[in-house]
Amino acid sequence: MHLFRFAAACALACHLLAAGAQPLPVESRPVIDMQHTSWTAKDGAPTGITAIAQTTDGWLWIGSAVGLFRFDGVRFERMTGAQAPLSSSIQDLGLLPDGRLWLTYKFGGASLMTAAGMQHFRVGEHGMPGGAATCLGQDADGRLWLASSRGLRLLDGDGNWHAPSPALAAPAGAADAMLLDRSGRFWVRTHDAVYVLGKHAARFVKGPPVAGFGRLAQHPDGSVWTSATTGPGLQPLAGVPGASVPDSASLGNITYFVFDHAGKLWMPNYNGVSVISAAGAGAFPAQRTGAGQGLSGQHGYAVFEDREQNVWVGTESGLDRFRAFRLAAVALPRYLASARPLAPRSTGGVWVDRSVIGKAGAAPVPFAPPSTATDLTTALHAAPDGVLWSGGIGTLWKIHQGQRVAVPLPAGLASPASTVILSMASDASGALWVGMGRRGLYTLRDGAWLENGGVPGLAGLSPSVIASDARRTWFGSTNDRLVMLEQGRLHRIGRAEGVQLGTVLAILPTERGVWVGGENGVAYVEGRKVMPVTGFGEDPLAGTTGLVLAADGTLWLNGGAGISSIAPIELQRALREPGYRVQFSRLDYRDGLQGTASPITPFPSAVRSGDGALWFSTMGGVYTFDPARLARNALVPPVHITALKANGQRYPLHDGVRLPPHAGELAIDFTALGLRAPERMRLRYRLDGLDQPDQDWHEVAGRRSVQYTGLAPGHYRFRVIASNDDGVWNEAGAQLPFEVLPGLTQTIWFRVLCVLACLLLAWLLHRWRLARLTAQMHVRMHERVGERTRIARALHDTILQSMQGLILHLHVARGAMPQGSAVHARLEQVIADADRAYVDGRDQVSALRVSLADDFEDVIAETGERLHGENRQTAFALTVTGRRTRLREIVAEEVTEVAREAIRNAFRHAGAASVTVTLDYGARKLTLTVCDDGTGMAETGGEGRWGLVGMRERVARIKGRLSVDGAAAPGTCIVMTVAARLAYADRKPWWRFQRMRRPA
């Protein structure tokens, strides 16, 4: 029942509001004179907007009939998940003093937004009363109040609502509005009165009576006001209403209203939105914007001013923003050409066309008759001697001490009536240089005209702009031509030196050089060095017809895109670093500037007056401001990362986000909250872990998101910074660390296993090759054994048998010789040598028939002992170390032969006192060492004598190594090594399971 009564009261209030008295017909009210932007459903804006608020983090929150939205100036985002409202039908929302956002709903209930998400209070739960909940409020002691159609409720520490204590004397009945003013007083408005709870007071005090539904608001001067649907205007509740408070008695019935920072009264209503200021309380009581003037809808329902002093209006169809213009055109008489010429006054103010303005804000005072279509002023020049020169079409005027005198143009000038004076300047001598376009260049000195100033080199020059200082006179013309006249000498600077400005339209001399502007951009010229200046984003700063330096050294340009400014530090860097793109600020249509610099006249189109004010002439009017006092947005823009998505799936935003393997396409959304002019904001980002530390930040161009594809596994940190519309940067910005987890094939263990597998494969290939080599060695060994057996048989059957027969014959011959004769003795020696040869041959033949793998040590030892027996002066010793292991046949043979060759060489050629042989059965290799203490030998010397070539060939056949240490006497050591896997017979490939029988 209470719900229906409240709805009926609201309907009655709306009816009264629509039928309320109007001071002027709606159609006769002027449009609100502010920059206006609208968003409707086609732009993503919600419809049926009922309330607007801004939280401390910079987001603009919008309550509507279709849910809760937040807005960053570019995108509308419907709140879902943990931040979703209790109902899509939002009645009202606002901000508590502690920074929490509250919401109430048309059909009851309320919500509070916390860091963890929404805290909902449903009807019937936690003591939430039925009926419509109007609003929430917080008093100076931090207590949270609920105003509803069933009266006030307090929230206790357990999160439950209850009726306030009778000791508080709180108002009973339906409450419409609550307000905590800046002095700490807590106001509550009901249908019959307003109550106030003083700061830290024990009870409410009843204030003035009211009737019907209404709102509460505080004026910037501290006064508190309320509205009522049953009475006209506003009613003061506290503070002394002064002249700054608008006269609202004639405004009719007012329900919803707010005061902006300047004290203007804003009122949404069924005709749109109206605004009234204190200054407009008389003849100009209100301005209005409705659907016919570009408002997003027919009816205004909510109005709110944010912390950047933008005023937002919600309608049934969308959202609107109003903000004050920075620039306002100077009120001047009508002008019939494209733009008005300017000349600065040393005492302040400017000469404009045919009027003089003493200072900014002053009314123009005419000094000549108004311009006509055939009598236009095209150029003005204020000479140092106080004379104002005014040039037009076929006319030149001298204005001095209140006198305006016509000056005849040069005699013999072709078509003087159609001659247009484009530019004028006074040189150091006081002569007036006048550029007359295609008619040429003339100088007026002491009342006499001189073509080209008497300088032959200037013949044929048709300057578009002239400027001079105490030493030089500059002339700019078409086709990138710039000419300087200094002490009678000309210096030409053009395309060959790097001038690429097209037609030169503006010249600003400085102490060392000159700033030059033209059709295609801006440059600085010093001597013959030309340094072009380009803005960030490759903005050429084109169409510059006016250049002026402010008191702080900032360069201001009047160009084709608006009025731009470049700070001194940026200018210095641009001149120091060729190719650097300067950061600049710009004033354009978004700041109230109408039109841009004219491409034809006047030149210059920007001047600085003696009081420091800057004046600019555009095709839409003349604008002036003091750059030191120009309104700027000093608010550092909050920066937020709003979404992280991988393969279309959204992930929560917190430190240490872990993304699944093979994240694929990664998208990161971010924003910066500057609501004044978000289209002018600049955002930069980088991804630590991908971008190199010395790499520049990436600049966002018209978007607030970035995509990455195929990020490798690892830890990353995404960072974003931003500047507001006036170049104030948030260098801290926002950052989001995250990790891309590796897939199975991307883990370090997988890579280690791959490396191990490759190593295993290489080892298996190596083992396979060794096995193959071993098998080849066995084949060759079997072939050699067979061949040796055949040779042994042949030797035994032929040579040995023959030798034995010869020895027998020698014995017979010896018996026939007389004893003691020389022949007998000689024959005895021959028989002994033959016997030894026979024994050696028999041993060799026997060795060919047996396996040396079983008794090669004995063969080596027998060789040494036999040689020792022949030469008792040389001792012999054989030492065996390690665990004896049976050798492969071919290895045993080669080791035996190498040992025997080395022993024979040592006994026969070294002259050694001892020869030692060491055989080491190592676990990794077999080592044979033959050493003597003889005369020594060089490894590369005497190979034919010492048999090293044969030994190396034998060692190479079994893949061993041979080294000779005999470079310095005494002694020589010959070392032979063979890898164990090749030398030992029981070493075999791992895939063979049978074990070779080891010898007993």
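A hairpin of two residues links S46 to S47 (strands are DSSP E runs of at least two residues and helices H or I runs of at least four, numbered from the N terminus; two strands pair if DSSP finds at least two bridges between them). This is a predicted model, where local features need pLDDT of at least 70, side-chain atom pairs count only at pLDDT 80 or more, and totals for chains, interfaces and linings use all residues. Residues are numbered from 1 along each chain as its sequence is written, and side-chain values use heavy atoms, with hydrogens and water left out.

Strand S46 (residues 514-518) runs antiparallel to S47, joined by five bridges, and Trp515 sits opposite Tyr524 in S47. On to the next partner: S47 and strand S48 (residues 529-535) are also antiparallel, with five bridges, and Val525 faces Val530 in S48. In the hairpin of S47 and S48, Gly527 has a positive phi near 65°.

## The nonpolar cores

Now for the largest nonpolar core, which has 37 residues (such a core is a set of buried Ala, Val, Leu, Ile, Met, Phe, Trp, Tyr and Cys residues joined through side-chain atoms within 4.5 Å). Elements giving two or more residues to this core include helix H5 (852-870), helix H6 (889-909) and strand S68 (925-932). H6 gives the most, with 10 residues.

A second, separate core of 28 residues includes Met681 and Phe738.

Note on methods:
Buried < 20%, exposed > 50% of the residue type's maximum accessible area, 1.4 Å probe, protein only.
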